[in-house]
Amino acid sequence: MKKITFILSLLTGINFTHAQLPDSCTFLLHKFAQNIGKETYSVTKHGDIITYTIDFKFVDRGTPVPLKAKMLLTTEFEPVAFTINGKTSRISAINDSVVIHQNKAEIKVDNSIISQSLPAIRFPIAGYSPGTTQMLLLQYWKKHHEPATVNILPSGKVQIKKDGADTLLFNNNSLVLDRYVISGLVWGNEFLWTDANGQLFCLITNDAEGDKLEMMLEPYESLLPVLINKAAAHGMRLFTANANPSYEKHDVIAITGGTILDVENNQSISNGVVLVKNGKITKVGAANNVTVPSDAYVINAKGKTVLPGLWDMHAHFEQAEWGPAYLAAGVTTVRDCGNEFEYINAVQQAIDKGNGIGPHILKAGIIDGNGPYALGVIRANTREEAINVVQRYKENGFQQIKIYSSVKPEIIKKICAEAHRLGLLVTGHIPIGVTLQQGIDSGMDQVNHITFVNAALKKNKDGLIDFSDTGNVAVFNFLKAHHVVIDPTLGVYEMIFRSIKDSITKLEPAFASLPQPLKPLFINTGAATDSLVERGRLFMKNFKQIVYHLYTDSITIVAGTDMGFPGFSVYREMELYVESGLTPVQALQTATIVPARVMNMEKISGSISPGKNADIIITDGNPLQNISNVRKVVTVIKDGNIYNPARLHHIAGFQ
């Protein structure tokens, strides 16, 4: 039979791998490498029609995400119909169908029905899930002689490329897998591996919340860490190959004529000069006090503002595209607040070695405990596990530990004690069943998210906070006495609480420039009813007041986004701090010198000072006059390398 199929393929040019796919299969679904569910498909045949019935379901931190789909194909692999209904994440749903009649299709998206003519090359698929449809898309692409693009229904286009092969060792046997890259279904690139017959082996993608999600063929789950590592390395390699030259490099640089912001001393230097040599700042001052070397590459910043590269203290570097997106926004340093161990190590190494594009990455290693709301695979439920996992993070270059929501109270103390013994700081969530004060008393140095502070404060009958209440005063005094650092992530809550009836551009003026696959995710995130919107306004009012009182009580605040609009959300975070009552320079400090101090890096980063790394941005406008001017980044310098933001955004898929 295989010989006959091979001969027919030579004679007709048709790829018959469809017939070699198994009639049923199970894939294991993972988030942060944790097994959270499965996808199964089964095949039935009626005459010339083959039907794939797909059942996809995972449970993410206690929330079920079920999805069902059905794909009908001809024996020659032409799509006939596709239906998909269910959830694609904890906060998003889908209800689509496509029925194809010759060259026309009837397409239903929620309650909207349209009929449209079809191009010759088209395939119905609704996004990252289910993975079976991606496997079938790949087979369709092969059958049609690997076209440069495939039109997808209901809308959009994807590009598919065979990227090579990887050899893995499993049970002392070698597995040779074909590696493919698909772009256009999600933001950036997905990586798929198949066996020689086209059977999906592994898919590494991003779900509808922007988190990494992996799918593995059931018997081979133990190979997932290997493929996660490879996906990181291959992703960075693709960027490097497509982006060269991504920056200009000069031994000596002079930035002249601009207004230099001294964020440490709240001063400005008009008509200033910054000299850079071999990636380090060597001199800063007024033009009449600084001689520009004859061999310097000169950047004319007249009429512009020169300020330190920005920090995002709550990043989740889930895919390679975040690298150029961050740099394009002027973010030259990020703290990754929890990621897959193999993935973030590989991404950081690629950037540091020049094999990828991105900011400096500081790693906070996530630790959770067993429980229905647990996240990831790195757990500590005993004293020994706590010590071992902290040591593993330390040995792999992590600067912090991040405690997550299911760590038990007695284990928090063990984690913090071992982290402090090794010179690591501890940040994170306040775990379930633990109060803010208990978490800090157990050794936590920092807290992610303003909600944990809000939960510790008393409210009046209208739901507002009385900051003169003795109990609330005691909370702030406690935080100050323990030198706690708060990472508010106000922008995340503004997004969750916004009315979906409002234009998304109120939150992100550059929304139109975002990669197309990201836009529906943001547009459909928010409150759908007036009552929820009103509750959200109350929450945001409290959150902003908390931020103001934290600052005025000398409790350290650092700007973090928890993802959001890639790169741009750092701007929004600072704008929200100004709305809370901070001055523009105070807001800028939360994203420059303050996080550098918090991370014990103020001697090499966080301000424009001699001896520090040349991490610098130039804006067309002065953020001290209007904090939103920080959005007008025209030049980015990281380690003395000069980047063009427009070029970086193009690399990251922005429009």
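Helices here are DSSP runs of at least four residues, numbered from the N terminus. On that numbering, Gln348 belongs to helix H5. Please bear in mind that this is a predicted model.

Let us stay with Gln348 for a moment. Is the residue buried or exposed? Its relative accessibility is 13%, and because buried means under 20%, Gln348 counts as buried. Leaving aside residues up to four places away in sequence, Gln348 touches Ile361 and Lys363.

I turn now to the aromatic rings. Rings of Phe, Tyr and Trp count as a pair if their centres lie within 6.5 Å. By this rule the count comes to 26 aromatic pairs. One of them joins Phe341 and Tyr393: the ring centres are 6.0 Å apart and the planes stand at 50 degrees, so this pair is tilted. Which parts of the chain does the pair tie together? Phe341 lies in helix H5, residues 341-352, and Tyr393 in helix H6, residues 383-395, so the pair ties together parts that are 52 residues apart in sequence. Both partners are buried, Phe341 with a relative accessible area of 10% and Tyr393 at 2% relative accessibility.

A further tilted pair is formed by Phe522 and Phe565, with 4.4 Å from centre to centre and 40 degrees between the planes. Phe522 sits in helix H12, residues 519-523, whereas Phe565 is found in the loop between strand E29 (556-557) and helix H14 (569-580); the pair therefore ties together parts 43 residues apart in sequence.

Where does Ala481 lie? Its place is in helix H10, residues 470-481. Ala481 is exposed, with a relative accessible area of 53%. Although Ala481 and Ile555 are 74 residues apart along the chain, their C-alpha atoms are separated by 9.0 Å.

Thank you; I shall be glad to take questions.

Note on methods: Residues are numbered from 1 along each chain as its sequence is written. This is a predicted model: local features need pLDDT of at least 70, side-chain atom pairs count only at pLDDT 80 or more; totals for chains, interfaces and linings use all residues. Side-chain values use heavy atoms; hydrogens and water are left out. Rings of Phe, Tyr and Trp (its six-membered ring) pair if their centres lie within 6.5 Å; planes under 30 degrees apart count as stacked, over 60 as edge-to-face and the rest as tilted. Helices (H or I, at least four residues) and strands (E, at least two) are DSSP runs, numbered from the N terminus. Buried means under 20% relative accessible area, exposed over 50%, partly exposed in between (1.4 Å probe, protein chains only). Contact means heavy atoms within 4.5 Å.
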